[in-house]
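Dear colleague,

Please find below the structure that I am handing over to you, together with its sequence. A summary of the findings comes after it.

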Amino acid sequence: MATIVNTCMKRIFQKSSAISNHLFRKHLLLTNATFSVAMGIAGDLVQQHYEILIGREDSWKPVRTAHMSAAGLTTGVLSHYWYIIIDIFIPGSSLKCVIKKVLYDQILFSPVNLTVYFGTVAVLEGSLKQLKEELLAKGSQIYTAEWLIWPPAQFVNFYLLPLRYRVLFDNFISFGFDVYSPYVKYKCKLKSDSEINVDKNNK
C-alpha cells in the first residue's frame, strides 16, 4: 500500500513539475499575459456585479469587461518585460538591491503602467483627448492608493520570488486594484464631464 501511495505521489509531483516548467519557463510571456487578462476580467466582473447589486447599473456591460481585459493584457506584457529589465540593471537580491528595485518600481514603473492602462482603454473607447485629464485626476487617485500596498508587496516579490513567478504574484496582489481601477475609471467624473452636465442642465 505504501509503495502504491509513494508511486502516485511521485507521479503527481512529476506531472506538477512538468506543468510548472511548461507554464513558468517555456511559455512565461504567454502565462503572464493570460493571468493578467483573467485578473482584469475578474476584477471588472466583481465591480460591475457590485454596481448592479446596489442599483447603480441595470445590467452587465460586456464591452467594458473586454476593455479591462485588453488593459490587463497590455499591462501584463509590460510587467513581464519590466521585471526582466530591472533584474538586468539591478542584479541580485541583497537588501540594498531590493530597496532600489522597490523604489524604481513605484516611482518610475508605476506611472508608466498606469499610463498604459488608461491609454489602452482610451484607444479602445476613442477618448484619447481625455487621456491627459484622466491620468491627472483618476490616475493620480490610483497611484496614491498604490503607495499603501505596493512598496511592501514588491519588497516580498523582489526579495523572495524568482523572476518567473513575479507577474503571477503581482496579479494576485493587484486583484484589489483590478476591482478598484474600473470603479475609478468609470465612476469618478472628470471636471470636463461635470461642466458638460452643468451646461446641459442650464439649457
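This is a predicted model: local features need pLDDT of at least 70, side-chain atom pairs count only at pLDDT 80 or more; totals for chains, interfaces and linings use all residues.

A straight helix of 30 residues would span 44 Å, whereas H5 spans only 36 Å between its end C-alpha atoms. The helix bends by about 45 degrees at Trp147, and Pro151 follows within four residues. Pro151 is itself buried, as are other residues of H5, including Leu131, Lys138, Ile142, Trp150 and Phe158.

The largest nonpolar core has 14 residues, and Tyr117, Phe118 and Ile142 touch the most other members. At least two residues of this core come from each of H3, H4, H5 and H7. H4 gives the largest share, five residues. Leaving aside neighbours within four places in sequence, Tyr117 is in contact with Met68, Ala71, Thr75, Ser181 and Pro182. Another core, of 10 residues, lies apart from this one; among its members are Ile90, Cys97, Val102 and Val167.

The model contains two cavities of 30 Å³ or more. The largest cavity holds about 470 Å³ of space. Its lining comprises 27 residues, of which Thr75, Asn113, Asp170, Ser174 and Asp178 are the closest to its centre. Helices H2 (28-53), H3, H4, H5, H6 and H7 each supply at least two residues of that lining, and the largest share, seven residues, comes from H3.

Yours sincerely

Technical notes. Residues are numbered from 1 along each chain as its sequence is written. Side-chain values use heavy atoms; hydrogens and water are left out. The expected span of a helix is 1.5 Å times one less than its number of residues. The bend at a residue is the angle between axes fitted to the seven residues ending there and the seven starting there. Buried means under 20% relative accessible area, exposed over 50%, partly exposed in between (1.4 Å probe, protein chains only). A nonpolar core is a set of buried Ala, Val, Leu, Ile, Met, Phe, Trp, Tyr and Cys residues joined through side-chain atoms within 4.5 Å. Contact means heavy atoms within 4.5 Å. On a 1 Å grid over the protein atoms alone, a cavity is a set of points where a 1.4 Å probe fits but cannot get out, and a pocket is an open set with protein on both sides within 12 Å along at least five of seven lines; lining residues have an atom within 4 Å of a point. Grid points are joined across faces, edges and corners, and a volume is the space filled by probe spheres set on the points.
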